[in-house]
Amino acid sequence: MGQGQSNKTSIMMDNLACMRSNRLIYQHISVQLSAREILWVKGRNGSGKSTLLRQIASLLPILAGQLEVSGDIALTDEKLTFDPNLPLEKALRFWADLDDSSLSKLDDAMQLFDLVMLSTIPIRLLSTGQRKRANLARVFASEAKIYLLDEPYNGLDHDNIKALDKAMGHHQKTGGITIIASHIKPEIAVDHILDLDQAHLHKHNKGAQS
């Protein structure tokens with residue numbers, strides 16, 4: 001991953017390609033994102049939605065093309081696990097310390113995603129949806145400028161989807177970038193849609209219905 005020279009939050013992908021296990025996942029991906037923009041990455045299972053997020057986060061190599069990122073990143077990744085024996089709050093505090101997050105931000109994130117009542121419950125006893133909310137809380141407590149959200153709506157009820165949209169809206173207003181990789185259409189207005197099934201990017205008309 002190349003680091004942009006400007007301090008302004010941005011992501012630039014130019015003809016980006018990725019190969020895994022000798023299989024070409026995608027190619028010719030060109031996207032340019034600026035502060036206060038939201039991108040929805042859509043596509044069938046196996047189209048490369050999670051792979052693209054991991055490539056942006058420098059967790060996978062670049063086969064071809066160019067990637068420049070300006071701004072720190074927080075990624076929701078199912079492979080990023082909490083210590084199963086730690087109570088939820090302690091597990092989140094561990095990641096907050098690694099991310100150099102303030103405890104007040106973590107407290108706010110726990111309240112937003114309705115996790116306070118679960119703070120003493122060991123991670124191993126949480127449901128899939130509760131773990132998803134914990135992972136989202138970790139990201140939104142991080143104070144990173146770029147959020148990479150992998151299937152963030154999975155396992156969330158209506159209230160927590162509204163909480164997620166509220167958090168993304170706040171992040172947008174404060175100059176952040178959010179990339180939502182999801183097979184579920186976001187309810188929040190997005191600025192761009194990247195369809196990996198067609199490797200096609202278009203600017204989204206927020207007033208249009210699709």
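Serine 34 lies in strand β3. Helices (H or I, at least four residues) and strands (E, at least two) are DSSP runs, numbered from the N terminus. The structure is a predicted model, in which local features need pLDDT of at least 70 and side-chain atom pairs count only at pLDDT 80 or more, while totals for chains, interfaces and linings use all residues. Residues are numbered from 1 along each chain as its sequence is written, and side-chain values use heavy atoms, with hydrogens and water left out.

Serine 34 is partly exposed, at a relative accessible area of 34%. Here, buried means under 20% relative accessible area, exposed means over 50%, and partly exposed lies in between (1.4 Å probe, protein chains only). Between serine 34 and arginine 124 there are 90 residues of separation in sequence and 38 Å in space, C-alpha to C-alpha. Opposite serine 34 in β3 stands serine 10. Strand β2 (residues 10-20) runs antiparallel to β3, and 8 bridges join the two. Two strands pair if DSSP finds at least two bridges between them. The hairpin of β2 and β3 has 2 residues between the strands, and serine 21 takes a positive phi near 50° there.

Strand β3 spans residues 23-34 and includes leucine 24. Leucine 24 is partly exposed, with a relative accessible area of 36%. Together with Met19 and Leu63, Leu24 forms a nonpolar patch on the surface, with about 250 Å² of accessible area in total. Patches are made of residues with over 30% relative accessible area and no salt bridge; like charges are joined within 9 Å, and nonpolar side chains (Val, Leu, Ile, Met, Phe, Trp, Tyr) within 5 Å. Accessible areas come from the Shrake-Rupley method with a 1.4 Å probe, and for residues only the protein chains shown count as cover.

Helix α1 is mostly covered, with 7 of its 8 residues buried. These buried residues are Lys49, Thr51, Leu52, Leu53, Arg54, Gln55 and Ile56.

A search of the whole structure finds 3 aromatic pairs. Phenylalanine 94 and tryptophan 95 form an edge-to-face pair, at 5.7 Å centre to centre and 85° between the planes. Rings of Phe, Tyr and Trp (its six-membered ring) pair if their centres lie within 6.5 Å; planes under 30 degrees apart count as stacked, over 60 as edge-to-face and the rest as tilted. Phenylalanine 94 is partly exposed at 45% relative accessibility, whereas tryptophan 95 is buried at 16%. The pair of phenylalanine 113 and phenylalanine 140 is tilted, because the ring centres are 5.8 Å apart and the planes stand at 45°. This pair links distant parts of the chain, 27 residues apart: phenylalanine 113 lies in the loop between α3 (103-112) and α4 (128-141), and phenylalanine 140 in helix α4. Both phenylalanine 113 and phenylalanine 140 are buried. With Tyr147, Phe113 and Phe140 form one aromatic cluster.

Tryptophan 95 has a second contact of interest. The charged end of arginine 138 sits over the ring of tryptophan 95, 5.6 Å from its centre. A charge sits over a ring if NZ of Lys or CZ of Arg is within 6 Å of the ring centre and within 35 degrees of the ring normal.Side chains of opposite charge can pair when their charged atoms come close. The count comes to 4 salt bridges, each defined as a side-chain nitrogen of Lys or Arg within 4 Å of a carboxyl oxygen of Asp or Glu. Arginine 138 meets aspartate 99 in one of them (3.9 Å, N to O). Arginine 138 lies in helix α4 and aspartate 99 in the loop between α2 and α3, so the pair ties together parts 39 residues apart in sequence. Arginine 138 is buried, at 6% relative accessible area, and aspartate 99 is partly exposed, at 29%.

Arginine 93 forms a salt bridge with glutamate 89, with the closest N and O atoms 3.1 Å apart. Both residues lie in helix α2 (residues 88-98), 4 residues apart, about one turn of the helix. Arginine 93 is partly exposed at 28%, as is glutamate 89 at 25%.

Aspartate 197 and arginine 44 also meet in a salt bridge (2.6 Å, N to O). Aspartate 197 lies in the loop between β9 (192-195) and β10 (200-203), and arginine 44 in the loop between β4 (38-42) and α1 (49-56), so the pair ties together parts 153 residues apart in sequence. Aspartate 197 is partly exposed at 39% relative accessibility, whereas arginine 44 is exposed at 53%.
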